[in-house]
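Here's a quick tour of one protein model. Take a look at the sequence and structure, and then we'll zoom in on one helix and its neighbours.

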Amino acid sequence: MQTMPTPSSNPASPIQAFINNNPTIVRGAVYLGGALLTIYAIKEIIKLFKEPNLGGPELPSTPSTSGGMTSGVATITLSQARDYANRLHSAMEDSGSEEEVIESVFGGLQTTEDVKLVYDAFGVKPYGFFGTPMWGTGWLTGEPYNLAQWIEAECDCDDCPTACSSLRSAGYSI
Ligand SMILES: [Ca+2]
């Protein structure tokens with residue numbers, strides 16, 4: 001079994017001994033690891049295909065640092081603000097939410113004016129259950145939530161720190 005030609009007189013390491021004594025467990029662990037990696041890779045690939053790209057502008061690849069947001073003029077157009085608002089809604093409307101999309105959108109906003117444009121473009125949308133309400137009356141019809149309320153309901157500030165700090169910088173409470 002010894003493959004290293006070292007003239008060491010040391011006994012096999014505890015790890016090597018464990019592997020030698022428990023080949024079934026070790027092989028099982030390797031297979032399990034491989035299966036988990038495969039599942040992870042498939043999920044990542046599916047996510048790539050699901051990535052909503054409606055021909056809107058590409059998001060900047062380098063998010064600005066949270067908290068470093070300046071006030072002043074907007075750096076995005078109204079049409080971009082609408083695209084970002086739609087992207088945020090798609091990231092949250094179904095079961096669960098795509099935190100990385102939310103963070104990426106807010107990471108691309110540079111001024112508090114940008115945040116306000118996206119906030120206004122988002123407007124108020126009914127929120128119910130896990131996002132878009134489904135049917136009927138009562139709790140299933142949803143409550144009219146603004147962007148800050150959607151973010152709060154879908155993605156707390158631990159998971160979406162950039163979104164939270166950007167909204168706060170622009171004066172919205174979350
Ligand atoms: Ca959701």
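## The big picture

How many helices and strands are there in the protein chain? There are seven helices and two strands. Keep in mind that you're looking at a predicted model. Starting from the N terminus, the elements go α-α-α-α-α-β-β-α-α.

The protein chain has 174 residues, and 26% of them are buried. If you take the contacts with a separation of 6 or more, 65% of them come from residues 24 or more positions apart.

## Zooming in on α4

Let's pick helix α4, which covers residues 99-107. Which residues of α4 are buried? They are Ile102, Glu103, Val105, Phe106 and Gly107.

An α-helix has 3.6 residues a turn, so residues three or four places apart point the same way.

What do the buried residues of α4 pack against? Their partners are α3 (78-93), α6 (147-154) and α7 (161-169).

## How α4 meets α7

To describe two packed helices, you give the angle between their axes and the distance between the axes. For α4 and α7, the axes come within 8 Å and cross at roughly 40°. The crossing of α4 past α7 is left-handed.

Now for the residues themselves: on the α4 side you'll find Ile102, Glu103, Phe106 and Gly107, and they meet Thr162, Ala163 and Ser166 of α7. This contact of α4 with α7 is made up of three nonpolar, three polar and one charged residue.

Methods: Residues are numbered from 1 along each chain as its sequence is written. This is a predicted model: local features need pLDDT of at least 70, side-chain atom pairs count only at pLDDT 80 or more; totals for chains, interfaces and linings use all residues. A residue is buried if 20 or more other C-beta atoms lie within 10 Å of its own, exposed if 12 or fewer, and partly exposed in between; C-beta atoms are placed from the backbone. Helices (H or I, at least four residues) and strands (E, at least two) are DSSP runs, numbered from the N terminus. Two residues are in contact if their C-beta atoms, placed from the backbone, lie within 7 Å. Axes are lines fitted to C-alpha atoms, for helices over the stretch in contact, and angles run from 0 to 180 degrees between N-to-C directions. A crossing is left-handed if the near helix is turned anticlockwise from the far one by less than a right angle, and right-handed if clockwise. Ala, Val, Leu, Ile, Met, Phe, Trp, Tyr, Cys and Pro count as nonpolar, Asp, Glu, Lys and Arg as charged, and the others, Gly among them, as polar.
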